[in-house]
Amino acid sequence: MEVAPARRPPTAPTLPPGALVAPRHTLPWWVRVPRRWWLSVVKRVASPTCDRFAARVPALRLAAERLCTRAHRTDLEVCGAPFRVDLLRRCASRSEFLGGRWHAPVLALVRACVTPGMTTVDVGAGIGLAAVHMAEVAGPDGTVLAIEPEARNQEILAFNARHCRWRNVVPIHTAVGERVGPTSLWVSPRDGGDHRTIAGVEDRARVTVAMTTIDEIADRRRVQLHFARIAAQGAELSILRGMRTTLSHPAFRGAVIQVWPHALRAAGEDPEELLDRLRTAGLLCANAPEADADPAAFLASIPGRAAKDLVYLRV
């Protein structure tokens, strides 16, 4: 009686070498240094201490208001087009203003995975930094659905979508998850990238926003999605449950997804289920094969409250 050979696991997909070696900055130091000084001034002027002092000096109050208005709407150039940032908020705005050091790795990943003509979705688009990079690579025949639930981010995202190179970014003002209906959004007062739809942050201001699913958006717009970037501050597993049809379709090539074990557990989710759901859909991790080989050990290797961006591609 012959023994059937053991089934070998599929080989993990690979990424181009350049995708894993992202530049630390996109600006020379002689531009970054003056911008850092300017940002330092802006943060001090916007501080509560300066507010109390300016309230007693009308001329200083007027100067501070003008400076803050300018900081709220600072225009840069990204992917050859005007790009608006809000310097009074942390995350993508300040990162890009200072040369893109913190977001360069994930931008390199999405640019390596997106190809011309793709229809992609950016969940948790913020002000649209990743969306405009995806849109530039997708080209005039591609489309990027940029999904953002928070109103101030959505306002800036709409501006950046109007001015992007190929005019192929579609801003969508909604939250996404595993159901359709209203939901609560807890808004961060200072960090434009840390608004959450999960529990555990009830000390923040709460607003009610619409929620839908990725599958519902794709069905309503009659498009087949080819790629996704998902960064939703702990709501990633809920989002995957709402894109079952998209994930299982052969045309869907993969995703760059933020894995943040601490936030997932705070939301009552199991981080291992997130990795398992991606594998079950026929996707394997390209930049961290150990996430497929030993998910528990991989998650344990992520320190403290850190997060890691993983690339999952269809085998």
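A disulfide is counted here when two cysteine sulfur atoms lie within 2.5 Å of each other.

Figure 1. The structure is a predicted model, so local features need pLDDT of at least 70, side-chain atom pairs count only at pLDDT 80 or more, and totals for chains, interfaces and linings use all residues. Residues are numbered from 1 along each chain as its sequence is written, and side-chain values use heavy atoms, with hydrogens and water left out. A disulfide is a covalent bond between the sulfur atoms of two cysteines. The disulfide count is zero. Buried means under 20% relative accessible area, exposed means over 50%, and partly exposed lies in between (1.4 Å probe, protein chains only). Cys-50 is buried at 18%. Cys-164 is buried at 3%.

**Figure 2. The whole chain.** Helices (H or I, at least four residues) and strands (E, at least two) are DSSP runs, numbered from the N terminus. The chain has 14 helices and twelve strands. Of its 315 residues, 52% count as buried. The C-alpha atoms fill a box of roughly 95 × 40 × 40 Å along the principal axes. The radius of gyration is taken over C-alpha atoms, and the globule rule is 2.2 Å times the number of residues to the power 0.38. For 315 residues, a compact globule would come near 20 Å, and the chain agrees with its 21 Å.

**Figure 3. Strand β8 and its partners.** Two strands pair if DSSP finds at least two bridges between them. Strand β8 covers residues 205-212 and pairs in the parallel sense with β6, residues 175-176, over two bridges. Within this view, Val-176 has Thr-212 of β8 as its bridge partner. Strand β7, residues 181-187, runs antiparallel to β8, and seven bridges join them. Ser-184 has Thr-208 of β8 as its bridge partner.

Figure 4. Rolling a probe the size of a water molecule over the atoms shows where empty space is left. On a 1 Å grid over the protein atoms alone, a cavity is a set of points where a 1.4 Å probe fits but cannot get out; a pocket is an open set with protein on both sides within 12 Å along at least five of seven lines; lining residues have an atom within 4 Å of a point. Grid points are joined across faces, edges and corners, and a volume is the space filled by probe spheres set on the points. The whole structure has one cavity of 30 Å³ or more. The largest cavity has a volume of about 50 Å³. Its lining includes Cys-79, Phe-83, Cys-164 and Trp-166. Elements β2 (81-85) and α6 (129-138) each give two or more residues to this lining.

**Figure 5. The second largest pocket.** This pocket has a volume of about 180 Å³. Its lining has 14 residues, and Glu-178, Thr-197, Ile-198, Met-211 and Ser-238 lie nearest its centre.

**Figure 6. Met-243 in its loop.** Met-243 sits in the loop between α9 (236-241) and α10 (244-248). Is Met-243 buried or exposed? Met-243 is buried, with a relative accessible area of 1%. Leu-283 is 40 residues away along the chain, and its C-alpha atom is 14 Å from that of Met-243.
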